[in-house]
Amino acid sequence: MDWGALHTILGGVNKHSTSIGKIWLTVLFIFRIMILVVAAEKVWGDEQDDFVCNTLQPGCRNVCYDHFFPISHIRLWALQLIFVSTPALLVAMHVAYRRHEKKRQFRKGDQKCDFKDIEEIRKQRFRIEGSLWWTYTGSIFFRLIFEAVFMYAFYFMYDGFRMPRLMKCNAWPCPNTVDCFVSRPTEKTVFTIFMIAVSSICILLNVAELCYLLTKFFLRRSKKTGNSKQQPNHENKEETKQNEMNELISDSCQNTVIGFSS
Amino acid sequence: MNWAGLYTVLSGVNRHSTAIGRIWLSVIFIFRIMVLVVAAESVWGDEKSAFTCNTQQPGCNSVCYDHFFPISHIRLWALQLILVTTPALLVAMHVAYQQHQEKKLLVLTGHADPKHMEEVKKHKMRIAGSLWWTYVCSVVFRLLFEAVFMYIFYMLYPGYQMMRLVKCEAYPCPNTVDCFISRPTEKTIFTVFMLVTSSVCIVLNMAELVYLVVRACARRGQHHSNPTSGKSSFYGHKHSSEYKQNEINQLLTEQDGSLKDMLRRNSGLQEKGDRCSAC
């Protein structure tokens, strides 16, 4: 079970996402997960082995490393990516539930169900409306929250996103204050900034998607209320026309009985 | 055979699970197995090589590491996850057995065409009858394994927190020696995370157990008030599968008379709008 499996799981959700949602998923997989796996993991690979302190005191290096890096950047990003991508599964579950209901209707032979076979139900793409809209919006909201929480955790732990070259440590058992040197600090800073930037882009995409969904919701609502006002006048015109036609037909054909439904 | 293989095996079971069962499976795979593979394994990767003792005595390092870590967290979690996910295979086996029985029934009633056979394979089994008992057993075993491993964890590593420093005096270390563990804070964070997800899984299992029991009681109550409703089976919601099996057995053992006449006499075998092809 690795990033590839997550990609398979989330790929299915992609079908029911908005266009912005699809862009977000692509950015997530290509610019975050892929960069993490092919590049960042190698940069942080020797983070503890090459963390060198100016002392021979056994244990001092371990303690200082633990003091300055309570949780490694890589692990934090891995957790962030897992948490940020999982709300999409709520949508997947809701879609699966709707499909299950449609299949049940189909099996009962319900007249309302207009699918030819089960395969069609399986392949159908659901429109984001009704309860699915609420689930989808909820999932975007959770994504935003998780992104924000992890960005804050990052900032809180590593004070400004920059990796210093030198750290001064005086935790026991280090004798006095000891200089400790971080491995590849500039490369780590570059990748940290890159990941933060892409994280911000993802946040923007989520906010845009949220706005898009809200706008669509309000537009649909106003269209519905507009239609329901127009409908009685429209119906009256239709009825009048129909009545005229009926009169003409019944006048011309005396022996024919035709039933029209109004 | 790795975690991906386990995922393939268990995805099949997913289809016959309850909704809570599916949520449980997602939590297991995404928040436990995936976190274990992509994050936790690299945190514990250098646990032995970076375990440093304040001594130059050869062997002291190894002995102290072995004394404080009889079995590594990672291996314990891997065992826990394998044991916790395997009871679902009981359900898979039972479902396979039921599908086999349905296929036999189809062959005997003369509906052995590929389309019907495919339907048997694809349709979702209702969790009723003996399958209910198997399912409940699998959930109970899951709960048991989770609880046992949580207890083992507590026994081996009391408090769940990873210390920075441990004092060791096992032979051949001279006197008491300070030993320093690598990445203790990160390890504590992941230990707490895995424990929390374990607890979430325990809660989900209990909820599933309660749901199954309540559903069974509700169905029983419905059955008492409406005795004509039969057990679940692929065909015929009107008749129980046992009744039909008895009829078929009777037909097969009869020596005299043609099958056609018997089937015509026993109209209870006719499914909805379907005529037996042997007639």
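The buried residues of helix α1 of chain B are B:W3, B:G5, B:L6, B:L10 and B:V13, where buried means under 20% relative accessible area, exposed over 50%, and partly exposed in between (1.4 Å probe, protein chains only). These residues lie on the same side of α1(B), because they cover an arc of only 155 degrees around the axis; the arc is that of the directions from the helix axis to the C-beta atoms. Among the elements that cover the buried residues of α1(B) are α2 (19–43), α4 (73–85) and α5 (88–109) of chain B. Helices (H or I, at least four residues) and strands (E, at least two) are DSSP runs, numbered from the N terminus.

The model is predicted: local features need pLDDT of at least 70, side-chain atom pairs count only at pLDDT 80 or more, and totals for chains, interfaces and linings use all residues. Residues are numbered from 1 along each chain as its sequence is written, chains are lettered from A and ligands numbered from 1 in the order in which they are written, and side-chain values use heavy atoms, with hydrogens and water left out.

The 12 residues of α1(B), residues 3–14, should span 16 Å at 1.5 Å a residue, which agrees with the 16 Å between its end C-alpha atoms. The expected span of a helix is 1.5 Å times one less than its number of residues. The 22 residues of α5(B) should span 32 Å by this rule, and the end C-alpha atoms of the helix are 32 Å apart, in agreement. The buried residues of α5(B) are B:A88, B:V91, B:H94, B:V95, B:Q98, B:Q99, B:E102, B:L106 and B:T109. Their arc around the axis is only 140 degrees, which puts them on the same side of α5(B). On the other side of this helix, B:M93 and B:Y97 are exposed. An α-helix has 3.6 residues a turn, so residues three or four places apart point the same way. After α5(B) comes B:G110, whose phi is positive, near 80 degrees.

Chain B as a whole has 10 helices and 3 strands, in the order α-α-β-α-α-α-α-α-β-β-α-α-α along the sequence. Of its 279 residues, 42% count as buried. Among contacts (heavy atoms within 4.5 Å) in chain B with a separation of 6 or more, 73% come from residues 24 or more positions apart.

Chain B and chain A bury about 2900 Å² between them, 66% of it on carbon and sulfur atoms. Buried area is the accessible area (1.4 Å probe) that two parts lose on being put together, summed over both. In chain B, the residues that lose the most area to chain A are B:M34, B:F180 and B:R183, together 21% of what that side buries. The contact takes 36 residues from chain B and 31 residues from chain A. Across this interface there are 3 salt bridges, each a side-chain nitrogen of Lys or Arg within 4 Å of a carboxyl oxygen of Asp or Glu. A:E47 forms a salt bridge with B:R183, with the closest N and O atoms 3.4 Å apart. On the side of chain B that touches chain A, α2(B) gives the most, with 12 residues.

In chain A, A:T86 is found in the loop between α4 (73–85) and α5 (88–108). At 10% relative accessibility, A:T86 counts as buried. Apart from neighbours within four places in sequence, A:T86 is in contact with B:I30 and B:F31. A:T135 lies in helix α7 (residues 131–158) of chain A, and its side chain makes a polar contact with the side chain of A:H94 (2.6 Å). A polar contact is a pair of N or O atoms within 3.5 Å; within protein, one must be able to donate a hydrogen and the other to accept it, and residues adjacent in sequence count only if both atoms are side-chain atoms.

The peptide bond from A:W172 to A:P173 is cis, with omega near 15 degrees, and A:P173 is found in the loop between β2 (166–169) and β3 (178–181) of chain A. In chain B, the bond from B:Y171 to B:P172 is cis, with omega near 10 degrees; B:P172 is found in the loop between β2 (165–168) and β3 of chain B. A:N176 lies in the loop between β2 and β3 of chain A and has a phi near 55 degrees, a positive value in a residue other than glycine. A:N176 counts as exposed, at 68% relative accessibility.
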